[in-house]
Amino acid sequence: MNSSATSLTGSQEGVFIYIVSVCAAALVIVTVLMIYFVIRYSRKNNPHPEDVKGNVLLETVWTIVPTILFISMFYFGWTKWEQMRHVPHDAMRVAVTAQQWSWSFKYPNGKESSILRLPVNHAVRCNLHSKDVIHGFFIPAFGVKEDVVPGLHNYVWFQPTDVGTYELMCSSYCGVGHPHMITQVKVMKDADFKKWYNQKAAATGAALGKQIYETKGCKGCHSLNGSKVVGPTWKGLYGSKVTVVTNGKQRTVTADDAYIERSILEPNADIVKGFPSGVMPSEKGNLSKKDIQAVIDYMKTLK
């Protein structure tokens with residue numbers, strides 16, 4: 001964890017170090033005393049057992065001191081947790097959507113991205129939503145980790161303080177494509193972020209298809225370099241011969257416009273041989289005719 005990456009990580013580190021130090025000191029003291037008593041009061045050194053009288057002072061000390069220490073750990077942990085849950089009123093709201101196996105981010109002006117781009121020294125609140133199973137929103141460098149649960153409205157906030165690129169990953173096992181559910185957090189200078197944020201050029205054709213690939217979960221299952229992931233690679237797919245299983249029977253089809261559209265809307269109708277069924281959800285109602293054509297146009301560029 002980079003203690004200067006956000007405004008919260010320094011205080012979190014302080015609490016963590018304090019709690020670990022207290023626990024380590026307690027472990028050492030208890031272990032040393034245990035060894036001492038085992039040797040001092042062993043049968044060899046004390047062949048005839050005797051009653052040990054009580055010591056009020058000692059009993060008082062070992063009751064009060066640990067109580068104070070444990071209450072202090074609770075106090076510091078609670079106050080820092082409260083700080084993590086109280087979002088500044090001027091924080092930028094970003095809608096975070098997790099799905100097998102990708103992240104997408106939607107900004108207040110409607111702009112969407114597969115990378116979380118943020119202005120430096122500005123608070124941001126990430127509203128977390130899952131489309132399918134439990135995921136974990138985890139940015140190691142920021143010390144930020146929060147569950148993303150279907151049907152549960154959850155959030156996390158932080159204020160990045162260093163310009164740079166950081167990893168964002170899923171911390172909860174969410175299926176076979178879990179290892180590929182990684183994206184980036186790009187903390188930018190304020191001027192650079194505003195330029196990107198206010199850019200109005202709308203993507204069309206293959207550019208729109210690429211955008212859909214990155215933001216709608218496609219890249220979590222389909223590679224662009226020919227490697228086998230959860231689903232077939234898109235590289236060289238368009239126009240190729242594909243062996244599929246339809247109603248339990250194998251057949252060979254051409255990956256043309258009709259085949260790709262059907263695969264998007266009815267993904268379990270024709271299962272490519274060697275890949276599991278029931279993994280890809282139908283995009284019916286999520287992608288328009290224009291979006292599907294854009295995806296096809298993008299596939300045509302992946303030779």
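Predicted model: local features only at pLDDT ≥ 70, side-chain atom pairs only at ≥ 80, totals over all residues.
Me: What makes the peptide bond that joins Q100 and W101 cis?
Reply: Its omega is about 0°, and the bond is accordingly described as cis. Most peptide bonds are trans.

Me: Why is N121 called partly exposed?
Reply: The relative accessibility of N121 is 48%. Buried means under 20% and exposed means over 50%, with partly exposed in between; therefore N121 counts as partly exposed. This residue is found in the loop between strand 4 (116-119) and strand 5 (124-130).

Me: Why does N247 count as exposed?
Reply: N247 has a relative accessibility of 78%. The cut-off for exposed is over 50%, so N247 counts as exposed. Its place is the loop between strand 11 (241-246) and strand 12 (249-254).

Me: How do you know that the span of helix 6 is close to the one expected?
Reply: Helix 6 (residues 289-300) has 12 residues, for which 16 Å is expected at 1.5 Å a residue. From first C-alpha to last, helix 6 reaches 17 Å, close to that value.

Me: Against which helices do the buried residues of helix 6 pack?
Reply: They pack against helix 4 (205-215) and helix 5 (257-265). Among these buried residues are I292, V295 and Y298.

How values were computed
Residues numbered from 1 in each chain as written. Heavy atoms only, no water. Helix = DSSP H or I, 4+ residues; strand = E, 2+ residues; numbered from the N terminus. Expected span 1.5 Å × (residues − 1). Buried < 20%, exposed > 50% of the residue type's maximum accessible area, 1.4 Å probe, protein only. Contact = heavy atoms within 4.5 Å.
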